[in-house]
Structures are given as C-alpha cells and as structure tokens.
Amino acid sequence: MKKMKRRVYMDYGAAMPLDPRVLEAMMPYFTQVCGNPSSVHSLGREPRRSLEDSRGKVAQLVGARILEEIIFTSGATESNNLAIKGVAYRNRNRGNHIITTTIEHMSVLNPCKSLGKEGFEITYVPVDHQGVVNLEKLEGAINDRTILISVMYANGEIGTIQPIKEIGKIAKDHGVYLHVDGVAAVGKVPVNVEEEYIDLLTISSNDMYGPKGVGALYIKRGTKIQPIIHGGGQEGGLRSGTENIPAIVGMGKAAEIAQAEMESEGKRLSHLRDRLISGVLENVKDSHLNGHPTKRLPNNANLRFSYIEGESLILSLDMLDIQVSSGSACTSKTLEPSHVLLAIGLAHEEAHGSLLFTLGKQNTEEDVDYVLEALPNVVKRLREISPLAPKIR
C-alpha cells in the first residue's frame with residue numbers, strides 16, 4: 001500500500017499537544033516571574049495573583065462558586081488518590097465502605113485496591129454492554145457504612161458518558177460523598193459540580209491542551225478530607241509543596257480556552273467522530289462500535305474488528321503515519337486486554353481486536369478520509385494472515 005502523505009494523529013486521549021496560546025501564557029513564568037507565591041514581598045505577590053487567577057478559571061469551567069474549592073495537584077492520578085484516600089482516612093470513624101465501578105481508571109481502581117488491604121470494603125458496581133452504570137445496583141450497594149461513591153464522568157476508552165446527576169442525587173439522598181473522575185470529560189462537555197451534586201471532581205490539564213504534570217481537585221466546601229502529602233501547608237493544607245506556577249498558569253489558560261470553545265469544537269469533533277464511525281462500519285465487514293452510540297464523548301470512537309488483534313492494527317497504521325491506540329495509555333505496558341472492554345461483556349479476543357480513535361483540534365475531514373481509505377485495506381491484509389479468521393471470507 002502507498003505510504004500516507006501526512007501524519008494523522010488520533011490519539012488525543014493519550015496526550016494532547018500544548019495549545020500555542022497556553023505556551024505563550026506560561027513563558028514569562030519560566031524566566032521572568034521567579035518569586036515564590038508564599039512569599040510576602042513584591043516578587044511573591046505576582047505569582048500569587050497568577051495562581052489565584054488560574055484557580056478562578058478552573059473553578060468557572062466546572063461551575064464551582066468558591067475559588068478555594070479548587071486544589072492544584074501534580075496531575076489526575078494524584079487528584080484521584082487524594083479524593084479517595086483522603087475521604088477514606090478522614091471518615092474512617094463513620095464508615096469503611098466505598099463504592100466504585102468496574103470501568104474506572106487505574107488511578108481509581110488501584111487506590112481502592114490499596115484501601116481494601118487496609119480493611120476498607122470496596123464494592124464494584126457493574127455496567128451494561130454499552131458501559132452505562134447500573135443505577136439500581138449502585139443504590140442497592142449503599143449501606144450504613146458507605147462513605148464514598150467514585151464514578152467517572154465519562155470513560156476515556158469507550159467514550160460513554162455516565163448519568164452523573166442521577167448518581168449525584170442518589171449519593172446526596174443517602175448522605176454519601178460523590179467523587180467524579182472528570183479527566184475525559186472536563187473541557188469537552190459541560191460539567192457543573194453544583195447542578196450535578198458532585199462533592200469531589202478530578203480535573204486534568206493535559207486533557208484540555210494544557211501542560212502535563214499538573215491537575216486539580218474540586219473539593220466542595222464542608223467535605224471532610226485528609227491530606228496525603230504533608231509539608232508547608234500550601235493549597236489550603238491539602239496539597240503541600242511549592243506550587244508549579246508555570247504549569248498552573250498554563251492550566252488556567254487551557255481552562256479559559258476550553259470554556260470559550262467547548263461548544264463549537266464539540267460540534268466539529270462530533271461531526272468528524274460520526275463520519276469516522278459510520279465510514280468504518282459501512283466499509284469494514286465485521287466491525288462494531290464499543291460504548292454508547294449517542295451518550296459518548298464528542299471526540300471518541302472505539303471500534304473493534306473481528307479476527308485480528310488491535311496491536312497489529314496499531315503498528316500497521318503507524319507505518320502509514322496514522323497514530324491510534326488500543327485503550328488507555330496508562331495500561332498499554334500490559335498484554336492483558338482492556339478491563340473496560342471486558343467489563344462491558346466482550347470476550348478476550350473481541351477486546352484485543354479493538355481500536356481507540358480520539359480526535360482533537362488538529363484533525364480535519366481530510367484526516368478522516370485518509371483513515372477511511374487506509375483502514376479497510378489494513379484490516380483485509382491482517383485477516384488474510386490471521387489464524388482467527390474463517391478460511392473462506
């Protein structure tokens with residue numbers, strides 16, 4: 001097959017390029033603004049103002065009314081750990097039961113697993129074949145020792161968006177804290193912590209074209225939580241350590257841009273996503289969509305192809321300068337199939353045959369055309385040499 005003439009990057013779920021406007025906002029804080037935001041002198045006051053300005057931009061993006069409810073961290077993994085372990089340790093005298101789902105990110109599942117070894121009881125609520133949480137089973141799992149429910153807003157692998165407001169209402173009615181991993185959703189779809197009864201919300205900078213290595217956690221005022229990093233008492237005593245001002249300024253700028261462009265970019269990406277999905281399903285025999293057909297992220301297309309492995313597809317497409325993935329980049333080092341795909345009922349071989357396309361700002365209709373031109377031939381070639389494929393096709 002003729003090599004592609006251009007690079008088509010459709011792995012925005014793994015890493016997003018830094019928006020040039022974000023970089024421009026960050027640059028002075030690398031060389032010109034050098035003060036510590038905790039210092040009381042004039043060189044400390046400028047980065048302090050920038051820190052609080054960024055806090056306000058992130059708060060506005062998610063509908064938080066109080067700036068101090070936003071705590072900056074080193075990224076989404078730390079935010080998830082702080083939310084889950086912080087609530088667990090602080091409220092242990094009230095209960096030791098935590099509810100989550102079978103499709104959460106490993107930065108939620110592994111802290112829960114760790115707490116399970118410390119005497120906490122963890123309940124994993126199943127999802128249906130489209131990845132939607134079973135609300136009846138979730139509410140039925142609550143008991144008098146339940147202190148926290150942790151459910152992601154949207155799944156970054158299969159794109160399914162959860163009924164968070166309904167889950168939040170259930171948590172509120174039972175007096176249980178709700179933590180939402182909003183990494184895949186914030187900046188792409190509207191999220192409002194007040195209207196959706198969210199007590200804790202994890203936010204990632206890089207997932208909205210900001211710098212890597214910085215994130216935030218929304219903590220509703222009055223939520224009882226214990227820090228897991230101790231030191232000088234920065235970030236309201238909940239996340240000690242000198243704040244990474246260049247990265248935080250970048251995250252604030254990324255949040256500002258996301259809020260301004262979310263609606264228009266969401267419509268554009270939804271169009272490209274739907275064109276990609278329909279084109280694949282129409283032109284590649286034995287291809288299927290993973291996740292909910294409509295309640296999904298605007299940039300997510302997770303497709304599976306019978307009789308072949310996703311890794312072979314990834315490598316073959318990469319040779320044509322098309323970059324995609326088979327699932328979360330955080331679990332790509334293991335040969336095991338995605339736990340998310342297994343949780344929605346796929347067999348191991350079906351899960352292994354899945355590809356994840358996550359689109360972004362730089363993708364165009366021409367990019368989609370390139371993929372739709374290349375993919376059928378790649379699939380056909382791999383099926384011809386696959387031991388899994390029927391002999392006559």
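In this predicted model, the largest nonpolar core has 62 residues, and those with the most contacts inside it are Val 62, Ile 149, Leu 201 and Ile 203. Helix H8, which spans residues 245–283, gives the most to this core, contributing 10 residues. Apart from it there is a second, separate core of 29 residues, which includes Val 280, Leu 313, Val 378 and Leu 382.

Leaving aside residues up to four places away in sequence, Leu 201 touches Val 62, His 179, Val 180, Gly 182, Val 186, Val 191, Val 193, Ala 216, Leu 217 and Tyr 218. Val 62, one of these neighbours, is also listed among the residues with the most contacts inside the core.

Charged pairs come next. A search of the whole structure finds 21 salt bridges. One of them joins Asp 19 to Lys 361, with the closest N and O atoms 3.0 Å apart. This pair links distant parts of the chain, the two residues being 342 residues apart. Asp 19 sits in the loop between strand E1 (8–9) and helix H1 (20–26), while Lys 361 sits in the loop between strand E12 (354–358) and helix H12 (365–384). Asp 19 counts as buried because its relative accessibility is 8%, under the 20% cut-off. Lys 361 has a relative accessible area of 28%, so Lys 361 is partly exposed.

Lys 253 forms one with Glu 256, the closest N and O atoms being 3.1 Å apart. Both residues lie in H8, 3 residues apart, about one turn of the helix. Lys 253 counts as partly exposed at 24% relative accessibility, and Glu 256 is partly exposed as well, with a relative accessible area of 34%. The side chains of Lys 267 and Glu 263 also meet in a salt bridge, at 3.6 Å from N to O. Lys 267 and Glu 263 are 4 residues apart in H8, about one turn of the helix, and both are exposed.

Salt bridges can also join into a network, as they do for Arg 48, Glu 52, Arg 55, Glu 235 and Glu 243. Glu 235, a member of that network, is placed in the loop between strand E8 (215–219) and H8. Glu 235 counts as buried because its relative accessibility is 5%. Its backbone also stands out: phi of Glu 235 is near 55°, a positive value in a residue other than glycine. Most residues other than glycine have a negative phi. Asp 286 likewise has a positive phi, near 60°. Asp 286 is in the loop between H8 and strand E9 (287–290) and, with a relative accessible area of 24%, is partly exposed.

The last stop is a pair of packed helices. Two packed helices are described by the angle between their axes and the distance between the axes. Helix H4 (residues 76–90) and helix H5 (residues 106–116) pack at an angle of about 30°, with their axes 9 Å apart. Angles under 35 degrees count as roughly parallel, and H4 and H5 are therefore roughly parallel to each other. Their crossing is right-handed. On the H4 side the contact is made by Thr 77, Asn 80, Asn 81, Ile 84, Lys 85, Ala 88 and Tyr 89. On the H5 side the contact is made by Ser 107, Val 108, Pro 111, Cys 112, Ser 114 and Leu 115.

Terms used
Residues numbered from 1 in each chain as written. Predicted model: local features only at pLDDT ≥ 70, side-chain atom pairs only at ≥ 80, totals over all residues. Heavy atoms only, no water. Core = buried A, V, L, I, M, F, W, Y, C linked by side-chain atoms within 4.5 Å. Buried < 20%, exposed > 50% of the residue type's maximum accessible area, 1.4 Å probe, protein only. Contact = heavy atoms within 4.5 Å. Salt bridge = Lys/Arg side-chain N within 4 Å of Asp/Glu carboxyl O. Axes fitted to C-alpha atoms, helices over the stretch in contact; angles between N-to-C directions. Parallel < 35°, antiparallel > 145°, perpendicular 65-115°, else oblique. Left-handed = near helix turned anticlockwise from the far one by under 90°.
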